[in-house]
Each structure stands twice: as C-alpha cells, then as structure tokens.
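Q: Could you walk me through how this chain is packed, going from single elements to single residues?

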Amino acid sequence: MLWLESERPEELLQRGSIKNDMKSVIYECLAIQAQFTYGQMLAPPPPLPPPIQGYAFKPPPRPDFGTSGRTIKLQANFFEMDIPKIDIYHYELDIKPEKCPRRVNREIVEHMVQHFKTQIFGDRKPVFDGRKNLYTAMPLPIGRDKVELEVTLPGEGKDRIFKVAIKWMSCVSLQALHDALSGRLPSVPFETIQALDVVMRHLPSMRYTPVGRSFFTASEGCSNPLGGGREVWFGFHQSVRPSLWKMMLNIDVSATAFYKAQPVIEFVCEVLDFKSIEEQQKPLTDSQRVKFTKEIKDRRSHLEFAAKLVVNGGIAVAVYLLMKIPSCRSKGGDNTLWTNEEKVQSVQCHPTTSKSPNVCNIVAGQRCIKKLTDNQTSTMIRATARSAPDRQEEISKLMRSASFNTDPYVREFGIMVKDEMTDVTGRVLQPPSILYGGRNKAIATPVQGVWDMRNKQFHTGIEIKVWAIACFAPQRQCTEVHLKTFTEQLRKISRDAGMPIQGQPCFCKYAQGADSVEPMFRHLKNTYTGLQLVVVILPGKTPVYAEVKRVGDTVLGMATQPPVFQQPVIFLGADVTHPPAGDGKKPSIAAQHRQEIIQDLAAMVRELLIQFYKSTRFKPTRIIFYRDGVSEGQFQQVLHHELLAIREACIKLEKDYQPGITFIVVQKRHHTRLFCTDKNERVGKSGNIPAGTTVDTKITHPSEFDFYLCSHAGIQGTSRPSHYHVLWDDNRFSSDELQILTYQLCHTYVRCTRSVSIPAPAYYAHLVAFRARYHLVDKEHDSAEGSHTSGQSNGRDHQALAKAVQVHQDTLRTMYFA
C-alpha cells in the first residue's frame, strides 16, 4: 500500500474523482495546543471532470454568498466611481535617451503636450504612467502612424534634448468593463483597469512623490525623525478596484521612511551616532566606514571616499568624488552627481571647492528602501498607529482634500467619484470551541479572539525528562538564585499545563558569546542521551540568538523548545521570504532570488504526504493549500506552476492518487480597512471591528471567489483584515464552509491563546521561511531579525546556500520554528 513512483507527465494535468471510501478526517502534522470541532462540513464532494491537456487554469466562480454569523453594519475605505461607457485611446511612447526616472519622463511629456498643443494635442489632456503608456479621451490627429517629436527640457546649465516617438496602440472599451462588472463577460479586462488607474494617478504623480501605489510629501512645519538620517513621510494609497456592478477607488493613509534632507556631514553624524563632526578626532573604524558607505550609496568601491570624507574633517563630497572616481561627474546641469550612469544616493553638490561641510546636501524626496533597525521600526509604529475611528476620519479628510471631481484630468475622461465611504454588510462568525485535555476536558470559548489556559491542560502533552539550561546572560545579571527560582517556576507551570518537565536539568551552566554555542550543543548532544529540550537564557538582543537557532536547527537537530503536541494535519501552508532590499545575491527562502514561485514544491509536498501517511495510515482525500505572499499580478503564474507541482507530487506517489486540491491565496499587504458604523460595535481601545468579521459582498471581486476575514482582535492601530482569493477548488467549498474553516484554523496557532490574523499553516510557513534567514547569518554581526547577513555568504553558490538552510533530520518532525 506504500506509494509508488509514477511516470507519465501528461497525467499532471489530470484530476480524477475524489475517493469516497475513507473517513473525511482533517489532521495536523504540526503540533497544536488544542483541538477544535467543526462538524461534518468537509464531506467528500462529487467528482469534477478532469481538465483536458493544455487546460488554462481559471479561478473558480463564487459559489454563493456567505450567510453564517450575525450581521454587522460596516463602512469600507472604498469610494464608488461613475465610469462612462466610452472608448479610451491608448498610445505608446518611446523616449530617448532611455531609462530616465519617471519624474523626468513626466516633465518631458508635460513639455511635449504644451509645445505641440497646436499641431497635435489641442485642448486634450492626456494622462501618462511615467513609462510608455499615454491615454487620451479623444483620438490624436496622427492616425496609426508613428510620429517622432523633439522635446527640450530647460536646465540650470544647459538644456536637455529628448526624442519622443508616439504610436497608436489600441482602443480601450469602458463598455466592456461595465459588461464584466455586471457579469455579462467572464473576466475583467486588465487593460481597462490599467487605463483608469493611470487617469486617477496622473495629477497626484505630478504633485507628490510616488512610491508604488502611494503618494508622499514631507510634513510641513514638523518632522518625524527615525534616527540614522531617516524620517517618516506621510501620504496616501490609491488604487482602482473592480467590484460587483461598480468600480471602486481604494483610498488609505500611508507612511514610509525617507532620507532626511540635510547637509551630508550631519547625515554622517546621524548614521554613525556622533554628536558633532568636530568632536570626532579619531579616524573611522572599518565598521564605521562600511556602515556609512552602505547608507550613502550602494557601490562598495567608493569606500575610500567615505573614509576620507570624515577623516579629513569634512572636505566636500563633490571634490572627493570628482578627484578619486573618474567615472563620477555632474550630469544634466543640476549638480547632482552620477557614477556609472547610476545616481549616487542622496548627494547634491554645489560647484565649489570649499571645505565647508555644508557644500553637499542630501537630496530631498529619496525613499529609504533598506530595512529599518528595530528602534526605527518601533518609532515608525508609534508615529503611524491610528485607532480605527481616527484612521476613518483621516481617510475622509484625504478624500475631501483630493477633490477628484475637480481634477481636470479625471473630468477629461468623464469620471466621477463619490466622497463617502461605501456601506457594507458584514457578518461576525462564531468562534470555535477549544477542547483541552486533563481530567476535566475543559472547553474554552474565545471572546473577541482571546481565551486563557487557567485551570486547563493541553489536549495532548508530552513529558520532558531530559533537559538542560544554558545561560548566556552575565552571572551578575542572572545569578544562580535566579536560575533556581526560574527552574522551579518552569516545572510548576508546565505541570499545571499538562506538559510536565520532570526533575532537575541535567546540565545548567553559564556561557559567553556566539562562538561557544556550537561546542556546548555538541557536548550536550554527545553526553546526554535522549536530550529533549535546551532552555537558552539570553541577556537581550544578541547575535547568540541566531547562532542558537542555526546550530539547533541545522547542525544538531536539537529543539530549543519542546517538540510537543504531535497531531496530524491535512492543510499545507506556503510562503516565500525575500532578502533585504539591496541584497543582490542571497536567495529568497523557498524560491530563487526575488522570485515568488516556490522551487522544488513537488518534492516538498511529496515528502509531507509520505510523513502524513506514515503518521496516520491515511492518504489525504484532499489538500487545502494556503499560499501567502502572492500579489494579484502573480496569480496565474504561481497557480499554474504550483498547482501542477502539487499534482506531480501526488502522481509520483501513486498513479491513481488524485486528491482534490483547494488553492487559496492569503493576502495581508493590501489597503482595505473596515470600520464599524455603529459605535457600540467597536471593540477595545482602538475601536476596531470584532474578531470574526467577514465580508464577501460589494467590495469583493465581481465574479471570482474571494472574501475578507478579520480573524484577530486589533490591539494597536487599525485592524487589517486578511484577503482570501480562491484560485482553484476541486473540493467545491461553499462560501460559509471555507470562511468558517479558515476562521477556525486561525485559532490553532501554538504561540498564544489568541486567534491570529491568518490560518496557522500559512503562519507556520512564514515562520519556517523567516527562520531560515538565521541559518545564513554571520554570528559576528547583530543578527536579530536577519537584518545583517554574512559577507561570506554573499559569495556562496546556490548549492551552498541550500545546504546552509537544510534542517537536521532529527528536527524535521518537530515544530522547531514555533
């Protein structure tokens, strides 16, 4: 009965019937601290016909609208758009020289429209996306021929001349968009959404600093410093969204980090934490040089400049760049320095040979894409957290100040936008009952996503008999008395919780530094047979943490917390974590560098299915796959690759093994916010929506199966509901079934007695992928959160990196990442 290898590749596109001859059981192959019940809602569905060879995967239509739960009146930060049924004319621009910043391209097009007003543009108000797409409400008098124009931009030194070629591309029908929104067309035409988005973004892109789909501006009259030469800029997010019957404009407040506009010398002081440059008499250390160089530009070859700048007391950056780096020169007459056709980050120099530290300034409006430090992140959260009512009011003010209905470009295309948020009827789902173990088999009922373990024991607890303590805190900070008290309290709490830690630790010693971690762990592994747990005590944020995780996970297969509550699962969670911005060599964990598709997914799924079978003696009749971290533009690519990979894993085990697959994308990085209409419904100090709030009407996709679910209780700021989009569903879930199941899975996360924001399998996948960052970290650096990674690992090949993150065999079946 053990599964066999399979042969035929054409079978990968087949999906046969789901077998009805075994119990419908849902297992968790990950440890969970409680077991919940949800009735018979996962009965085997009727079989679907298999898709033919070359079948294009298409997301399933919405099966129905959910009805479970009590209703709640909400408002969403979506604003209805009135779209005319006209054609929009799409032209492609080719600007030479190429690869100018979007800001420059917009200036070129603006000058072009004004200069050729009489010959071509007349009273038309074209809109432009900053790259190559230009749209007009009326056709240009150029027919379908390519027209080449010369555009001159005035500069401070000499004028710049550009060649612009315009060519008609297509007519974009807004009538087709109306047909799609009303269900008369099977899918929403992408080109219409793109055209409307460019129309709505044209004027804000000219007025503000665009970043992705958001627009930012410096705060007037006050600054919000983050330290290290960075500050918070506030702005707003804007995107056009299709929904049932209507197009919507999604508006939200937004914030991100920018480099502060200031003299470079002051920037040096902030980055290196100097009070003033005059007090810095000693030459820079190597680490200080590296730190500053990384901040001011990306190319490490300019290290000499960075060091001499400070050591010589602040000689102008321009002088050193022009003297020491021949390829560096002023470009375009604005005295902004470029090197190798790439702008040197943040430096603007005035033409002078003065040694004044104020000769060079940080150019305003430069977004900081590098990872913030822990302190900067904390400052950012404090500066940007808003209660739900406050955020709702800020968004309403944004809409009034944006005044889209007086925007000349929006009016040109006949578009109107309502000023009021959209009213939505949601539902608050009932939480599951949490079944605990022990003699009394206590049942906990979550209230607003929270319950407690007082007078309760784990459903299935493991007994810890062989355990150790390693203390990396200084003895003066953590004395032997402290350790003894901690040990006694740990044993008592574990016994009360139904997971007894027996006896005294077999080993309890002090240690220092990351270098001592691996020798100590090897000693423990070789000396104490059956060692189950090592409790590691740290003095605070330290490189020791990452080294403990690396050694425990990959070298020795030793858990640094108990591998407990082993119960099986049928759900798979998947996520990809990408390297920090600016890192061009390290891989995305579970994918190639900065690629979202998971490599070797078939092998991963096959391995998990075998483990499932060995643990339960059942083959799953269906696979429910929660996929995190996929944007809408990647849906088709990821679905096609990963659905086939899951099927391949099944067929390689057994030719006729064809479980039903449900593929659900989980999205957290969006700007949909929901607010209670009735103040009495607001929960907590932040006035958020209740845990379990679900919406699948009015602001969701006009035809596909998606929904919003806020499964957690918001503590700080405004709750962000998770967005679930079903890309494939062999199992024919109803809306209620999938929404309730998803909500219940949010209650099985082992780290806390709270429902969390996404289902536990997806959360675990995120933890596993993020944990692998620690395996690539250099133990000599401050490696918390993986913010600094080994310089040596930059040179590793893909095989070496893959080996570095390979988990030890003894650890594979434990929740080492929890």
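**Packing in the chain**

A: The buried residues of helix 3 are Leu-174, Ala-176, Leu-177, His-178, Asp-179, Ala-180 and Leu-181, where buried means under 20% relative accessible area, exposed over 50% and partly exposed in between, with a 1.4 Å probe and protein chains only. Helices here are DSSP runs of H or I with at least four residues, strands are runs of E with at least two, and both are numbered from the N terminus. This is a predicted model, in which local features need pLDDT of at least 70 and side-chain atom pairs count only at pLDDT 80 or more, while totals for chains, interfaces and linings use all residues. Residues are numbered from 1 along each chain as its sequence is written, and side-chain values use heavy atoms, with hydrogens and water left out.

Q: How many of the residues in helix 3 are buried, and what do they pack against?
A: Helix 3, residues 174-181, is mostly covered, with seven of its eight residues buried. Those buried residues pack against strand 4 (87-96), strand 8 (160-173), helix 4 (190-207), strand 12 (230-242) and strand 13 (247-259), a contact being heavy atoms within 4.5 Å.

Q: And the chain overall, what does its secondary structure come to?
A: The chain has 19 helices and 31 strands, and 52% of its 818 residues are buried. Of the contacts with a separation of 6 or more, 71% are between residues 24 or more positions apart.

Q: Switching to helix 15, which of its residues are buried?
A: They are Leu-601, Ala-602, Val-605, Leu-609, Gln-611, Phe-612, Tyr-613 and Thr-616, and what covers them includes strand 25 (571-574), strand 26 (622-628) and helix 16 (635-653).

Q: What span should helix 15 have?
A: At 1.5 Å a residue, the 16 residues of helix 15 (601-616) should span 22 Å, and this agrees with its end C-alpha atoms, which are 22 Å apart; the expected span is 1.5 Å times one less than the number of residues. Just after helix 15, Arg-617 takes a positive phi of about 65 degrees.

Q: How do helix 15 and helix 16 cross?
A: Their axes come within 8 Å and cross at roughly 45 degrees, the axes being lines fitted to C-alpha atoms over the stretch in contact, with angles from 0 to 180 degrees between N-to-C directions. The two helices are therefore oblique to each other; angles under 35 degrees count as roughly parallel, over 145 as roughly antiparallel, 65 to 115 as roughly perpendicular and the rest as oblique. The crossing of helix 15 with helix 16 is right-handed, which is to say that the near helix is turned clockwise from the far one by less than a right angle, anticlockwise being left-handed.

Q: Which residues meet there?
A: From helix 15, Leu-601, Ala-602, Val-605, Arg-606, Leu-609 and Ile-610 meet Glu-642, Ala-645, Ile-646, Glu-648, Ala-649, Cys-650, Lys-652 and Leu-653 of helix 16. By class, this contact of helix 15 with helix 16 has 10 nonpolar, no polar and four charged residues, where Ala, Val, Leu, Ile, Met, Phe, Trp, Tyr, Cys and Pro count as nonpolar, Asp, Glu, Lys and Arg as charged, and the others, Gly among them, as polar.

Q: At what angle do helix 5 and helix 6 pack?
A: Helix 5 (264-272) and helix 6 (286-296) pack at about 125 degrees, with their axes 10 Å apart, which makes helix 5 oblique to helix 6. Their crossing is right-handed.

Q: Where is Thr-672?
A: Thr-672 lies in the loop between strand 27 (660-667) and strand 28 (674-676) and is buried, with a relative accessible area of 3%. Leaving aside neighbours within four places in sequence, the contacts of Thr-672 include Asn-77, Phe-78, Ile-699 and Arg-720. Thr-672 and Arg-720 are 48 residues apart along the chain, and their C-alpha atoms are separated by 7.1 Å.
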